[in-house]
Amino acid sequence: MFVPATQPVHVEQLVFKGLKQGLTLFVPEKESFVYWLEVLDRQLDQAKGFFQGGAILVELGERQLTPGELAGLKKILAKYRIRIKGFNPVQRKKLNPRPEKQLPASSGVLLIKGTVRNGQRLEHEGDIVVKGDLNPGGELVATGDIIVLGALRGIAHAGAGGNVKAEIIAFTLAPVQLRIAHIFSRAPEGRKGQHGPEIAYIKGEKIVVERL
Amino acid sequence: MAGRVIVVTSGKGGVGKTTTVANIGTGLALRHKKVVMIDADIGLRNLDVVMGLENRIIYDLVDVAEKTCRSVHKALIKDKRLSNLFLLPAAQTRNKDAISPEQMVAIVDELKEEFDYILVDCPAGIERGFDNAVAAATEAIVVTTPEVSAVRDADRIIGLLQDKEIYDPVLILNRLRPDMVRKGDMMDVDDINDILAIKLLGIVPDDEEIIISTNKGEPAVLNNHSKAGEAFRNIVRRMEGEEVPFMSVNGEPGLFGRFLKLLNGK
């Protein structure tokens with residue numbers, strides 16, 4: 001019987017490196033993100049059990065993720081019970097050469113390109129910046145600050161985990177709900193947020209909103 | 001050249017997906033394009049009724065997927081008015097799990113070589129039926145009505161389309177009532193665009209003719225006196241790359257209307 005010889009197939013692999021801050025996944029800037037997700041899925045499937053239950057950092061370089069891409073990444077990692085504890089440890093180091101002991105390694109900025117739509121929920125340990133809108137039904141949860149460079153119309157939870165110093169900033173602030181640390185607040189009925197950029201923070205035991 | 005595969009979807013039910021597919025399909029066929037409409041709403045099929053083709057169904061989408069009929073062509077129903085318009089009906093006695101996204105891709109791949117346009121009528125919802133309908137599509141038309149609930153669902157759908165790598169869906173705003181918009185009782189185009197922020201393909205005014213035409217099984221696009229029919233003809237022209245100004249929503253006569261008035265000496 002004819003048996004085909006196994007072809008040496010060149011398969012691209014993603015690199016995991018052990019950095020000071022923790023195990024880091026490097027996603028190259030070339031090719032589409034969806035492409036790398038497929039590579040990652042295959043790779044983790046082959047290395048079943050190796051990463052199970054761990055938390056990793058993800059280095060994206062200059063790449064900016066859409067909400068859907070981030071959800072896709074989290075979904076694949078969740079399949080292998082891997083959690084993301086932060087983004088871009090390398091870039092952070094470059095921007096901030098002074099060693100800062102008090103900040104946990106995971107606090108990086110997650111930059112989201114495009115609108116966070118109804119049904120999309122993004123969680124991040126650190127700050128979140130959205131270059132677009134947060135639509136009704138969409139949710140952002142950050143342990144740090146949340147900045148929306150557009151209209152914030154959904155639910156934003158800054159300082160999740162208890163940071164009462166966290167702030168929420170939006171060019172148009174018309175949220176369904178604002179949450180900072182343990183404090184929840186509902187926007188007054190009919191608030192359209194047409195006052196230009198505004199900032200929300202905790203004063204006393206309440207969330208207050210001021211023009212920026 | 002391979003044809004365009006466009007899914008028509010909305011999330012919410014009853015906003016006019018099937019009516020849109022029937023009208024766009026017919027409108028494109030009137031412009032001598034070879035068009036096939038696929039009803040992906042297995043178990044709740046309607047497109048055949050709206051097209052007035054119900055009594056001609058022998059094989060359906062599930063038969064093609066399960067290879068009960070010899071080829072996909074066996075299941076295609078030729079429209080009774082236009083010879084270059086075809087329908088691939090859904091099965092009525094099965095459910096959404098009867099086909100898989102992979103089977104859908106295979107069926108569409110076979111049709112793609114032969115047709116200029118493949119329009120997929122997506123069921124309401126975001127589960128298996130949606131996955132099936134979207135699987136083979138490379139473009140999407142999102143249909144919404146000027147209601148908060150429909151717009152929310154449209155927003156959800158746009159996010160889900162992104163996950164399926166359809167990044168630039170276009171919007172049809174259906175059943176707009178200019179009189180209500182003028183009084184401020186209905187969301188207008190700007191309100192909706194504020195939330196959804198995708199390209200507008202067309203605005204279809206609320207029109208009683210649609211109900212009549214649906215019941216008769218004759219798409220409104222064939223009726224020269226229907227306002228909605230005119231809107232769908234414009235939509236078809238935009239899909240073909242023409243620049244067509246949007247119907248004025250505030251009830252004022254557009255440029256063409258004013259020109260007509262001038263001619264009539266009014």
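Phe115(B) has 2% relative accessibility, so Phe115(B) counts as buried (under 20% relative accessible area; over 50% is exposed, in between is partly exposed; 1.4 Å probe, protein chains only). The model is predicted: local features need pLDDT of at least 70, side-chain atom pairs count only at pLDDT 80 or more, and totals for chains, interfaces and linings use all residues. Residues are numbered from 1 along each chain as its sequence is written, chains are lettered from A and ligands numbered from 1 in the order in which they are written, and side-chain values use heavy atoms, with hydrogens and water left out.

Over all chains, the structure holds two aromatic pairs. Rings of Phe, Tyr and Trp (its six-membered ring) pair if their centres lie within 6.5 Å; planes under 30 degrees apart are stacked, over 60 edge-to-face, the rest tilted. In chain A, the ring centres of Tyr35(A) and Trp36(A) lie 4.9 Å apart with planes at 75°, so this pair is edge-to-face. Tyr35(A) is partly exposed at 27% relative accessibility. Trp36(A) is buried at 3%.

Phe86(B) and Phe115(B) also pair edge-to-face, with 5.7 Å between centres and 75° between planes. This pair links distant parts of the chain, 29 residues apart: Phe86(B) sits in strand β4 (residues 85-88) of chain B, Phe115(B) in the loop between α5 (101-112) and β5 (117-121) of chain B. Helices (H or I, at least four residues) and strands (E, at least two) are DSSP runs, numbered from the N terminus. Phe86(B) is buried, at 14% relative accessibility.

What lies over the face of Phe115(B)? Lys34(B) does, at 4.8 Å from the ring centre. In chain A, the charged end of Lys17(A) sits over the ring of Phe26(A), 4.8 Å from its centre. The criterion is NZ of Lys or CZ of Arg within 6 Å of the ring centre and within 35 degrees of the ring normal.

Now the helices. The axes of α1 (residues 33-46) and α2 (residues 67-79) of chain A come within 10 Å and cross at roughly 5°. Axes are lines fitted to C-alpha atoms, for helices over the stretch in contact, with angles from 0 to 180 degrees between N-to-C directions. α1(A) and α2(A) are therefore roughly parallel (under 35 degrees; over 145 is roughly antiparallel, 65 to 115 roughly perpendicular, the rest oblique).

Finally, Asn174(B) is found in strand β7 (residues 170-176) of chain B. Asn174(B) is buried at 7% relative accessibility. Leaving aside neighbours within four places in sequence, its contacts (heavy atoms within 4.5 Å) include Val15(B), Thr144(B) and Val204(B).
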